[in-house]
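Here is a friendly walk through one protein model. Take a look at the sequence and the 3D view, then follow along below.

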Amino acid sequence: MSYRCQLALTLAISFLLRAVQCTQAFIPTTTFPSPSIRSNADPRVCLKQSVKSEDQTASDHSKSRRDAIFLTLSTLSIFGINSQAVNAFPNKIGDKYDDRPKRKGPQPNDLGVSTRKDIVGEEYLGLKNCGSAPNCFCSTDSIEDDPEHNIPSWVWPEKYANDQEKAFTELEEVINSYEPGQGMIDGGGFKVIKSDPKAGYLYAQFQSYKNGYIDDFELAYLGGDRVVNIRSSSRVGYLDFGVNAKRVNYIANILKAKGWNAPGVDFASHQDYAIQIKSSKM
């Protein structure tokens, strides 16, 4: 967190504590008529009024505290402090844009391996399909139905035989060695959210530097001969400006050096994607 953000947060918290103390200090106390003082008033009426006074005091106190908290949160908002900045990935490349609003986007509720349907309604086991936007790649999307989003799956080295646990342990190590900011992407860092080598599944999130966009990245073993399926997708926006391709290819190149068959995204077979990236930079 930048110095400006830390200062603003400290001042806001101090203000909140002071506001709460003030509201507590000015709570009026309820007094009852002294027995030594003669009065013609009905004691039942006095008691009822006293209870009503206590209820009003409690209501006023609660409102004062709510107002203090609201004012503090408004102060945080003015200074650009929010929970998204505080919860940013710790391996981000810097804190220059911590005070900017983040657009993480909602996490899809149907990630993971599941029964899917292709465009003609036939079921298959795979990762979430990409949809129509050119900001996603998935090896379980049909190459016949959706060639623009389909990419080849990866195959682990023969020396691992059928040991998927060993293969996915290595995949986790490779992902954890990822360099935020490579290719001018993912400067907001990343985190492996779920890794289950025994089940053959890994899920990670990657974040952009300035706007905090979150991309979802999955690797899954669905059976077969040492095959690992891949999905990399943006949550927000339409074009991804080449981000998902750069990420997939960066990881694929590391795996190739380790003996994997990991083709990555070939722009020759994804010409529409390449054209849209080029036009977006003009």
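R226 is buried, because its relative accessible area is 15% (buried means under 20% relative accessible area, exposed over 50%, partly exposed in between, with a 1.4 Å probe and protein chains only). You'll find R226 in the loop between β7 and β8 (helices, H or I with at least four residues, and strands, E with at least two, are DSSP runs numbered from the N terminus). Its phi is positive, about 60°, even though R226 isn't a glycine. Most residues other than glycine have a negative phi.

Before going on, a word on the model: it is predicted, so local features need pLDDT of at least 70 and side-chain atom pairs count only at pLDDT 80 or more, while totals for chains, interfaces and linings use all residues. Residues are numbered from 1 along each chain as its sequence is written, and side-chain values use heavy atoms, with hydrogens and water left out.

## Another positive phi

D186 also isn't a glycine, and its phi is positive too, near 55°. This one sits in the loop between α4 and β5. Is D186 buried or exposed? With a relative accessibility of 5%, D186 counts as buried.

## The cysteines

How many disulfides does a search of the whole structure find? The search turns up 1 (a disulfide is a pair of cysteine sulfur atoms within 2.5 Å). The partners are C130 and C136, with 2.1 Å from S to S, and both C130 and C136 are buried. The torsion about their S-S bond is about -65°, so this disulfide is left-handed.

## A lysine in a loop

K128 lies in the loop between β2 (123-126) and β3 (136-138). Its side chain makes a polar contact of 3.1 Å with the side chain of D110. (A polar contact is a pair of N or O atoms within 3.5 Å; within protein, one must be able to donate a hydrogen and the other to accept it, and residues adjacent in sequence count only if both atoms are side-chain atoms.)

Leaving out residues up to four places away in sequence, K128 touches several others, including P108, L111, R116, C138 and R231 (contact means heavy atoms within 4.5 Å).

## The nonpolar cores

The largest nonpolar core has 32 residues (such a core is a set of buried Ala, Val, Leu, Ile, Met, Phe, Trp, Tyr and Cys residues joined through side-chain atoms within 4.5 Å). Which of them touch the most other members? They are W154, I175, F217, L219 and W260. Among the elements that give two or more residues to this core are α4 (164-176), β7 (214-220) and α6 (271-280). The top contributor is α5, with 6 residues. There is also a second, separate core of 8 residues, and L111, L127, C136 and Y201 are among its members.

## A valine on a strand

V228 is part of strand β8 (residues 227-234), and it is buried because its relative accessible area is 0%. Along the chain, V228 and S153 are 75 residues apart, yet their C-alpha atoms are separated by 5.7 Å. Setting aside neighbours within four places in sequence, V228 is in contact with residues including S153, W154, L219 and W260.
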